[in-house]
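Please review the model below.

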Amino acid sequence: MSDETDTGSGTPAGPQPEPLRFFGTTWVEHDGGYTGRRAGVAVGSLAAAVAACLVLRFAYQGLAIADVGKAVTVLVVVMFAVCSALAFRHTWEAFTQRPDPDRQASLRGLLAIGFIGSLLAYSFRSLTEAPGEKLAREEYETAREQYERRSKRRTGNPSRKRGGR
């Protein structure tokens with residue numbers, strides 16, 4: 001959020017909404033093709049997850065052709081399943097609260113391996129709202145309320161409030 005004031009450019013005074021990926025600031029008023037964008041993001045991320053599953057199937061077939069053994073094949077499948085589940089959970093929680101940057105950095109590898117889970121979380125969240133909209137709306141409304149309280153305190157003649165000297 002930024003506290004910009006109106007300088008004649010048509011930008012309202014006070015905090016501005018945070019733009020969300022693929023949605024910009026259309027999430028504020030649900031205008032500018034918001035519903036179509038949500039549908040597009042849901043379908044697009046689901047299609048990307050399906051394509052990623054096909055790529056992983058080719059990798060699985062490569063392991064079978066290489067005859068690396070059942071143990072390695074099982075380990076690879078379990079690794080992708082667990083990482084995808086953890087990535088789904090982490091991505092889903094990131095839509096409602098800001099993730100800790102240090103934890104995010106330490107989970108980068110796991111999230112990269114479990115990218116299918118992140119894509120699925122993005123797709124499912126797009127069915128109800130823009131991913132991250134709830135968090136951005138809460139922060140925006142809090143910032144607007146704080147701005148309104150600050151600007152309300154500054155109105156009026158301060159000398160009258162002190163006893164009218």
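What follows is a short report, section by section.

## Basis

This is a predicted model: local features need pLDDT of at least 70, side-chain atom pairs count only at pLDDT 80 or more, and totals for chains, interfaces and linings use all residues. Residues are numbered from 1 along each chain as its sequence is written, and side-chain values use heavy atoms, with hydrogens and water left out.

## Overall fold

The protein has seven helices and two strands. Helices are DSSP runs of H or I with at least four residues, strands are runs of E with at least two, and both are numbered from the N terminus. The order from the N terminus is β-β-α-α-α-α-α-α-α.

Of the 165 residues, 27% are buried. Buried means under 20% relative accessible area, exposed over 50%, and partly exposed in between (1.4 Å probe, protein chains only). Among contacts with a separation of 6 or more, 64% join residues 24 or more positions apart. Contact means heavy atoms within 4.5 Å.

## Helix 1 against helix 5

The axes of helix 1 and helix 5 (residues 115-126) come within 8 Å and cross at roughly 155 degrees. Axes are lines fitted to C-alpha atoms, for helices over the stretch in contact; angles run from 0 to 180 degrees between N-to-C directions. The two helices are therefore roughly antiparallel. Angles under 35 degrees count as roughly parallel, over 145 as roughly antiparallel, 65 to 115 as roughly perpendicular, and the rest as oblique.

The crossing is left-handed, meaning that the near helix is turned anticlockwise from the far one by less than a right angle; clockwise would be right-handed. Ala, Val, Leu, Ile, Met, Phe, Trp, Tyr, Cys and Pro count as nonpolar, Asp, Glu, Lys and Arg as charged, and the others, Gly among them, as polar.

## Helix 2 and its partners

Helix 1 and helix 2 (residues 70-94) pack at about 165 degrees, with axes 10 Å apart. That makes helix 1 roughly antiparallel to helix 2. Leu56, Tyr60 and Leu63 of helix 1 meet Thr73, Val76, Val77 and Phe80 of helix 2. The contact has six nonpolar residues, one polar and no charged.

Helix 2 and helix 5 have axes that come within 7 Å and cross at roughly 40 degrees. Helix 2 is therefore oblique to helix 5. Their crossing is right-handed. Here the contact divides into seven nonpolar, four polar and one charged.

## Nonpolar core

The largest nonpolar core has twelve residues, among them Leu20, Phe23, Trp27, Val41, Phe95, Tyr122 and Tyr140. Such a core is a set of buried Ala, Val, Leu, Ile, Met, Phe, Trp, Tyr and Cys residues joined through side-chain atoms within 4.5 Å. Helix 1, helix 5 and helix 6 (133-153) each give it two or more residues.

Val41 touches Phe22, Phe23, Tyr122 and Ser126, not counting residues up to four places away in sequence.

## Positive phi in the loop

Most residues other than glycine have a negative phi. Phe22 has a positive phi of about 75 degrees. Phe22 lies in the loop between strand 2 (14-15) and helix 1 (34-66). Phe22 is exposed, at 53% relative accessible area.

His30 lies in the loop between strand 2 and helix 1. Its phi is positive, about 55 degrees. His30 is partly exposed, at 42% relative accessibility.
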